Amino acid sequence: MTIILFILVFGLIVISHEFGHFLLGKANGIGVVEFAVGMGPKLFSFTKKGTRYSLRLLPIGGACMFEGEDGNLEENSAIQPESEKQGALIKKETMAFPDAPVWARISAVAAGPIFNFILAFLLALIVVGYSGSDRPVINGLMDGYPAKEAGIMPGDVIKKMNGEKIYLAREIYVNMYLNKDKDMTLVYERDGKEYETTLTPKYDEKEGRYLLGFEGYGEYVDCRNTNIFKYSYYEVRYGLKSTIKSLGALVTGNASKDDVAGPIGIAQVIGEVSEAAAPYGAWVVILNMLNIAMLLSVNLGILNLLPLPALDGGRLVFLLIEAIRGKPIPPEKEGIVHFAGFVALMILMVFVMYNDITRLFS
C-alpha cells in the first residue's frame, strides 16, 4: 500500500511538472519528442501527433524532451522534416527548441515549477475545504520557560516572529525549530491590541531542542466558506517559506543530513502517515496524501528553480543571459556545465538514498 500511495503521490507531482513544460512548449510551437512519466526502462508507450508518450519503470521522475534539445535534430526528432510530396512543399508545424524565440524557451522551462505551485494551490483548496485550517493561537504555557515569564497568556494570537507575519499555527513550530538558541522577537495580539516582546529560547533536555515554552497552539478555522481561498494561499505560502528556510538552514549548518529525505524517505513518511490515518477511514487517508502531495509539489517547484546546472533554474540562467546579451552561450559550453551538474546531482541522489536506507534500518 505504501508503494502504491507513493507512486500515486509522486506521479501526480511529476505529471503536473512535466505537463507545464509540455503545454507551454506546444503553445509556443516547440516540438515535443517525448513526454515520459518515470525513469529507466520503458514499460509502455504510444505516439500521437509526433510526440511519444511513455511510462517508465522507476516512479521517481519524468521528462518532457523537446525537439533538438540535445543538439541532435535528426535522431531525436519525432517531427517530420520539410519534404516534397506530389510537387508541394510540406512544412513542419513545429520548431526545434534552439530555434524558438528566447522568451518562448524561458516560458517553456519555467512552466514546470510554476505548474507545481498551481497544483499545490488546487490541492490546498481540497484539503482546506474539507479539514479546515489552524490559527496561531496559544493554548497553554510551560512553567519556567520564557513565554510565560514574558507575560504571554493562553488565547493570545501570534502575529509576527522575528518580523515575519504568521498566519498558521504550524509556522510557529518551523520558526522555533530553525531559530534554535537565538533571541526571538514576538508580536502577539490580545483583545484587539498588539504587544511585542523578545524571548531567549531555553533548551529542553527531554525534547532535545530549544523551546519558548508554548504548551500547545492552534485554533481550528472552518474553511467551508470564503476562508477557503485565503487559507489555501496560506498553506502554499507555508510550504514555500518552510522549504526556503530549510534550504537556508542546510547551507548555514543549522540543519543536518537527517533533515533531508529522498524517495525512500518520502515513501517512509507516506507509509507512516497512511498507517496512522487508516483507522479514521479511507477519506482521511486520501486527505493526508493530498496534503503531502501539496507540500512535495511546492518543494519540487522551489528545488527546480534553484540556479543549479541540470535543473530548470540552471537552464533559466543561461536563457536569461542569452536574452540580455542578445545571443546564446555556445551549446557545447552550456552542455559541459549541465553535464557536470547532472553528475553532481546523481552523486547527491546516491548520498540521500544511502542516508534514507540507514535511517530506515536504524
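Start by selecting R170: this residue is partly exposed, with a relative accessible area of 28%. Here, buried means under 20% relative accessible area, exposed means over 50%, and partly exposed is in between (1.4 Å probe, protein chains only). Before you click on, know that this is a predicted model, where local features need pLDDT of at least 70 and side-chain atom pairs count only at pLDDT 80 or more, while totals for chains, interfaces and linings use all residues. Residues are numbered from 1 along each chain as its sequence is written, and side-chain values use heavy atoms, with hydrogens and water left out.

**Stop 1: the partner of R170**

The term salt bridge stands for a side-chain nitrogen of Lys or Arg within 4 Å of a carboxyl oxygen of Asp or Glu. Since R170 lies in helix α5 (residues 169-179) and E235 in helix α6 (residues 227-252), the pair ties together parts that are 65 residues apart in sequence. Buried or exposed: which is E235? E235 counts as buried, at 5% relative accessibility.

**Stop 2: zoom out**

Show the whole chain as a cartoon. You're looking at 10 helices and 12 strands. Helices (H or I, at least four residues) and strands (E, at least two) are DSSP runs, numbered from the N terminus. The C-alpha atoms fill a box of roughly 90 × 50 × 45 Å, taken along the principal axes. Of the 362 residues, 41% count as buried.

**Stop 3: α3 against α9**

Two packed helices are described by the angle between their axes and the distance between the axes. Select residues 102-131 for helix α3 and 312-325 for helix α9: they pack at about 160 degrees, with axes 10 Å apart. Axes are lines fitted to C-alpha atoms, for helices over the stretch in contact, and angles run from 0 to 180 degrees between N-to-C directions. That makes α3 and α9 roughly antiparallel. For these labels, under 35 degrees is roughly parallel, over 145 roughly antiparallel, 65 to 115 roughly perpendicular, and the rest oblique.

Show side chains next. Among those of α3 that meet α9 are W103 and I106, and the α9 side includes L316 and L319; contact means heavy atoms within 4.5 Å. By class, this contact has 10 nonpolar, no polar and four charged residues. Ala, Val, Leu, Ile, Met, Phe, Trp, Tyr, Cys and Pro count as nonpolar, Asp, Glu, Lys and Arg as charged, and the others, Gly among them, as polar.

**Stop 4: α7 against α10**

Move to helix α7 (residues 263-277), whose axis comes within 7 Å of that of α10 and crosses it at roughly 40 degrees. These two helices are therefore oblique to each other. P263, I264, G265 and Q268 of α7 touch M353, D356, I357, R359 and L360 of α10.

Keep D356 and R359 selected: they form a salt bridge, the closest N and O atoms being 2.6 Å apart. They sit three residues apart in helix α10 (residues 331-361), so about one helical turn separates them. D356 is buried, with a relative accessible area of 1%, whereas R359 is partly exposed at 24%.

**Stop 5**

How many salt bridges does the structure hold? There are 15. Finish at R224 and D222, whose side chains meet in a salt bridge at 3.1 Å, N to O. R224 counts as exposed at 66% relative accessibility, and D222 as partly exposed at 28%.
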